[in-house]
Amino acid sequence: MTISPERSLPFQRIKQLLVGGIALSTWLFATVATAESDDWPKGHYPLPEEGSIVGSIYTVTASADDTLVDIAREHNVGYDEIRFANPDVSIWVPGEGTEVTIPARHILPDEERKGLVINVAELRLYYYPEVAAGETPRVETYPIGIGRDGYNTPLGITHTRMRLQDPAWYPPRSIREEAAERGDPAPAVVPPGPDNPLGRHAILLDIPGYLIHGTNQPDGIGMRASRGCIRMYPEDIESIFGRIPDGTQVNIIDESIKLGWDEQGTPHVQSFAALSEQEEGMSTLLELISLVEQHEDGSPRVVDYEQVRETLERSDGLVVPLI
């Protein structure tokens, strides 16, 4: 896989307000930037001095052996993100020479920049490590897998309680009962190893029974497939495991629309759930337009109501300008 030459799209110093999630427009593909700077690892960004937009959208070229899932993992994005950003590309056989869009531009959640902030609507975790005096404040962001329907990941502020390396997994009663009904009884304990669904690293939360952990099925990262726990790529949780002390704040939120401004004052939006799927869809739309029109710089704005609505209905994950 090769990275295309940079086409220069400056995304920094963004002034942000938040209503809750992410939207993306296919027309943006034509103005997409390319690969991230090599100065920072993928998914690591200096915090903007003002605003809340980090990263960039870029393209890579698939090799003959690549799948979109492989490319997603290499570039710090999850299954749904890569799929929505490349709706016309085969997941399993993109084809040699196919250009693949990497949706690596993010509006930071409008929450305290402390510890871990997990946006379940976005299927993404944000980590704000403490930095030493004189060190550049930064954010690290990683794709995650979360609970499927009926096993929703609980929301609210909690804390990390304990870190476990090579943990054993004790299947909960519900899993054991389901397995027994299928005639395939689950073991009382799964020891560390390739069959352990927790992977090699687990971080226990103060919410009983919930963890942030690795996985032995990394293709599921970026999907709603767990029973409520938060899954990460094995290499991602390994990278933060030793740097997150016990007692770190974890803020689990569900923000399906996020609003931010670029350095020119242009409002941008991300949307993760169509308005038609939200209980308060129309009021959310009206509130969004009101926030855009009342931006604190006082400049007059004309917002295309229909364009905003259509953008939010697409809800395919890219950061899109609203005017």
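Predicted model: local features only at pLDDT ≥ 70, side-chain atom pairs only at ≥ 80, totals over all residues.
The lining comprises 32 residues, of which Trp169, Pro172, Ile175, Pro197 and Arg227 lie nearest the centre of the pocket; lining residues have an atom within 4 Å of a point. The largest share, four residues, is supplied by α3.

Residues are numbered from 1 along each chain as its sequence is written. Local features need pLDDT of at least 70 and side-chain atom pairs count only at pLDDT 80 or more, while totals for chains, interfaces and linings use all residues, and side-chain values use heavy atoms, with hydrogens and water left out.

Ten salt bridges are found in the whole structure, each being a side-chain nitrogen of Lys or Arg within 4 Å of a carboxyl oxygen of Asp or Glu. In one of them, the side chains of Arg124 and Glu81 meet at 2.8 Å, N to O. Both Arg124 and Glu81 are buried, that is, under 20% relative accessible area with a 1.4 Å probe and protein chains only.

Glu135, Arg138, Glu140 and Arg243 are linked in a network of salt bridges. Within this network, Arg138 meets Glu135 at 3.1 Å, N to O, and the closest N and O atoms of Arg138 and Glu140 are 3.4 Å apart. Glu140 is buried, with a relative accessible area of 0%.

Notes
1 Å grid on protein atoms, 1.4 Å probe; cavity = no way out; pocket = protein on both sides within 12 Å on 5 of 7 lines; lining within 4 Å. Helix = DSSP H or I, 4+ residues; strand = E, 2+ residues; numbered from the N terminus. Buried < 20%, exposed > 50% of the residue type's maximum accessible area, 1.4 Å probe, protein only.
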